[in-house]
Amino acid sequence: MKMPLILLAALLSLGATGPAGASDDDCTVPMADWQPRKAVKTMAEAKGWSVRRIKIDDGCYEIKGRDAQGRTIEVKVDPATLDIVEFEFDD
């Protein structure tokens, strides 16, 4: 009788962390808590970036454009806080 309970517990724990429940998203904010794209653009422009495109990638906003030095940038931003999650640029 103990074996089925142990097996059941193991299966239930996999549901929360196993492959079926796993998420590859960098940001996991519910859509109801997202700031609008206009706020993302305003934040980027305040940093001196020119925005070419804003899209959603891995649960985050992704900004493509140029920084103040003219380098091509790709920036992932948390959709609720607008904190930078990832920043890449080309020289």
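Student: Which residue in strand 4 stands opposite T72?

Tutor: D90 in strand 4 stands opposite T72. Before continuing, please note that this is a predicted model, in which local features need pLDDT of at least 70 and side-chain atom pairs count only at pLDDT 80 or more, while totals for chains, interfaces and linings use all residues. Residues are numbered from 1 along each chain as its sequence is written, and side-chain values use heavy atoms, with hydrogens and water left out.

Student: Which elements does the protein chain contain, and in what order do they run?

Tutor: The protein chain has two helices and four strands, and from the N terminus on the order is α-α-β-β-β-β. Both kinds of element are DSSP runs numbered from the N terminus: helices are H or I with at least four residues, and strands are E with at least two. Helix 2, for instance, covers residues 37-46.

Student: How many bridges join strand 1 to strand 2, and how many join strand 2 to strand 3?

Tutor: Strand 1 (residues 50-57) is joined to strand 2 by seven bridges, and strand 2 is joined to strand 3 (residues 72-77) by six. Each of these pairs runs antiparallel. In the former pair, S50 stands opposite R66. In the latter, I63 stands opposite V75, and E62 stands opposite K76.

Student: What lies between the strands in each hairpin?

Tutor: Two residues separate strand 1 from strand 2, and D58 in that turn has a positive phi of about 55°. Five residues separate strand 2 from strand 3, where G70 has a positive phi of about 90°. The hairpin of strand 3 and strand 4 has six residues between the strands, and there L82 takes a positive phi near 65°. D58 has its positive phi although it is not a glycine, and L82 is likewise a residue other than glycine.

Student: Why is L82 called buried, whereas D58 is called partly exposed?

Tutor: Buried means under 20% relative accessible area, exposed means over 50%, and partly exposed is in between, with a 1.4 Å probe and protein chains only. L82, in the loop between strand 3 and strand 4, has 12% relative accessibility and therefore counts as buried. D58, in the loop between strand 1 and strand 2, has a relative accessible area of 28%, so D58 is partly exposed.

Student: How do you know that strand 2 is mostly covered?

Tutor: Six of the seven residues of strand 2 (residues 60-66) are buried. For the protein chain, 25% of the 91 residues count as buried.

Student: What makes R37 partly exposed?

Tutor: R37 has a relative accessible area of 39% and is therefore partly exposed. R37 lies in helix 2, and the C-alpha atoms of R37 and K55 are separated by 8.8 Å although these residues are 18 apart along the chain.

Student: Which residues form the nonpolar patch on the surface?

Tutor: I84, F87 and F89 form it, with about 250 Å² of accessible area together. Patches are made of residues with over 30% relative accessible area and no salt bridge; like charges are joined within 9 Å, and nonpolar side chains (Val, Leu, Ile, Met, Phe, Trp, Tyr) within 5 Å. Accessible areas come from the Shrake-Rupley method with a 1.4 Å probe, and for residues only the protein chains shown count as cover. A salt bridge is a side-chain nitrogen of Lys or Arg within 4 Å of a carboxyl oxygen of Asp or Glu. I84, in strand 4, has 39% relative accessibility, and F89, also placed in strand 4, has 39%.

Student: How far apart are F89 and K64?

Tutor: F89 and K64 are 25 residues apart in sequence and 9.8 Å apart in space, C-alpha to C-alpha.

Student: What makes the patch containing E88 one of negative charge?

Tutor: Asp and Glu count as negative and Lys and Arg as positive, while His and the chain ends are not counted. The patch gathers E86, E88, D90 and D91 on the surface, so its charges are negative by that definition. The place of a charge is taken as NZ of Lys, CZ of Arg, CG of Asp or CD of Glu. E88 lies in strand 4 (residues 84-90) and is partly exposed, with a relative accessible area of 39%.

Notes: Pairing = 2+ DSSP bridges.
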